[in-house]
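Please find below my notes on this model. They are set out as numbered points, to be read beside the coordinates.

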Amino acid sequence: MPKKSDPRKANSKPKAPAAKKKAPAAKKKAPAAKKKAPAAKKLAPPAKRVPPAPPAKTLSTSFSPTKTVSPISRPERQRLIRKKVQRRKIGATIIAAVVAVGAVAVFLTTRGEDQKPTLAAKPVTRTTTTSVGFKSSAIATTTGGALDVYAEPSTTSTKITQLSPLTEYKFARTVLVTEQRDGWVKVILPIRPNNTEGWIAASSVTLSTTNYEIEINLANHTLVLNDSGKPVMEFPVALGTTETPTPVGRFYVTDPIDLTKKLDPIYGAYALGISGYSEVLTSFRGGPGQIAIHGGMWESQAGTNPSNGCIRMLNDQIVQLASTVPLGTPVVVTA
């Protein structure tokens, strides 16, 4: 008896070719995928040709990209530069003005009464050579007691005055000697009238000498310091008015008063009181009207006549003079 075919097997055999037919279909899809790849390649070139964003190009490299900056035009930039230059010029002008004002202030204060003086003088060649015919000046200083002064070299002659052992400013009494004779010395007295002379006993004084002499010329408004008859310093001075003139005559230094630590509004840094007195004023600032060579002069006053009879100098110059001359130095004032 013949075998019957299994319907399931009959059905399974024809299905296998169907599966095989589907496989080619899958193969046909693959080329489709390959066809899409070229399409992707075609899109790439346009992406490369996209230019950078225009705003990024307009920004200056000196500014942060996060800031919104408007570009400055050339005329505006030039205007800002000119403005900056102008500000610099104004600043320089202000600085120059400040320096000038400071210089003027220094100039004025160093010529007034509230500036500590510095040393300066008109340059004069100093020499130790003694002038022909020069003679040192003799000076007499008290040994400690009062000095009796007579009209003649004798105790029996008229007694003119008695000089205290100390001056009003507490300096040892010192007088300038003009003559010596047999135990007596003739001296110029620090009293009125000016240039009065008298005799004192040589035993009451100690004698010394100096080679310095101060010459003051009223016509030239100059003060010259001589050493051994030779000029070593020269200074311009201011003198007395026509109403209160500087007296002429032969005097000497009696009171060297140092005022450098506290400048005086009238006498300045130093005052060299001399043996002469005003021939007009019998008193001045509580004193007897004694003449002095002192500081406190302004430079513009040099060569003028603004004083009450004293000889005015610049502060720095009177300090230099006072530091050189000793007590008793002769002072000769000529017209």
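Leaving aside its neighbours within four places in sequence, which residues is isoleucine 293 in contact with?

1. The model is a predicted one. Beyond the four places on either side in sequence, isoleucine 293 is in contact with Ile214, Ile216, Leu223, Tyr270, Ala271, Leu272, Ile274, Ile311, Met313, Ile318, Leu321 and Val331.

2. Isoleucine 293 is also listed in the largest nonpolar core, which has 29 residues. Ile293 is among those with the most contacts inside this core, together with Ile214, Ile216, Leu223, Leu272, Leu321 and Val331. At least two core residues each come from β8, β9, β10, β11, β12, β13, α4 and β15 (330-334). The biggest contribution, four residues, is that of α4. There is a second, separate core of 15 residues, and it includes Ala138, Val187, Leu189 and Ile200. As background, nonpolar side chains tend to be buried together in soluble globular proteins.

3. Helix α4 covers residues 315-322, and eight of its eight residues are buried. They are Asn315, Asp316, Gln317, Ile318, Val319, Gln320, Leu321 and Ala322.

4. The largest pocket has a volume of about 450 Å³. Its lining consists of 24 residues, and Tyr169, Tyr267, Phe284, Gln290 and Ala292 lie nearest the centre. Strands β11 (249-258), β12 and β13 each supply at least two lining residues, and β13 has the largest share, with four. Sorted by class, the lining of the largest pocket has twelve nonpolar, eight polar and four charged residues.

5. The structure holds one aromatic pair. Its members are tyrosine 150 and tryptophan 184, in an edge-to-face arrangement with 5.9 Å between centres and 85° between the planes. The pair links distant parts of the chain, with tyrosine 150 in strand β2 (residues 147-150) and tryptophan 184 in strand β5 (residues 184-188), 34 residues apart. Tyrosine 150 counts as buried because its relative accessibility is 12%. Tryptophan 184 is buried as well, at a relative accessible area of 14%.

6. Threonine 206 belongs to strand β7 (residues 205-210). With a relative accessibility of 47%, threonine 206 counts as partly exposed. Apart from neighbours within four places in sequence, threonine 206 is in contact with Ile139, Ala140, Thr141 and Thr143. The C-alpha atoms of threonine 206 and isoleucine 139 are 8.1 Å apart, while 67 residues separate the two in sequence.

7. Most residues other than glycine have a negative phi, and most peptide bonds are trans. The peptide bond from arginine 192 to proline 193 is cis, with omega near -10°, and proline 193 lies in the loop between β5 and β6 (197-201). Lysine 170 has a positive phi, near 70°; its place is the loop between β3 (159-163) and β4 (174-181). At 66% relative accessibility, lysine 170 is counted as exposed. Arginine 285 also has a positive phi, of about 55°, and sits in the loop between β12 and β13. Arginine 285 counts as partly exposed, since its relative accessibility is 46%.

Definitions and conventions: Residues are numbered from 1 along each chain as its sequence is written. This is a predicted model: local features need pLDDT of at least 70, side-chain atom pairs count only at pLDDT 80 or more; totals for chains, interfaces and linings use all residues. Side-chain values use heavy atoms; hydrogens and water are left out. Buried means under 20% relative accessible area, exposed over 50%, partly exposed in between (1.4 Å probe, protein chains only). On a 1 Å grid over the protein atoms alone, a cavity is a set of points where a 1.4 Å probe fits but cannot get out, and a pocket is an open set with protein on both sides within 12 Å along at least five of seven lines; lining residues have an atom within 4 Å of a point. Grid points are joined across faces, edges and corners, and a volume is the space filled by probe spheres set on the points. Ala, Val, Leu, Ile, Met, Phe, Trp, Tyr, Cys and Pro count as nonpolar, Asp, Glu, Lys and Arg as charged, and the others, Gly among them, as polar. Contact means heavy atoms within 4.5 Å. A nonpolar core is a set of buried Ala, Val, Leu, Ile, Met, Phe, Trp, Tyr and Cys residues joined through side-chain atoms within 4.5 Å. Rings of Phe, Tyr and Trp (its six-membered ring) pair if their centres lie within 6.5 Å; planes under 30 degrees apart count as stacked, over 60 as edge-to-face and the rest as tilted.
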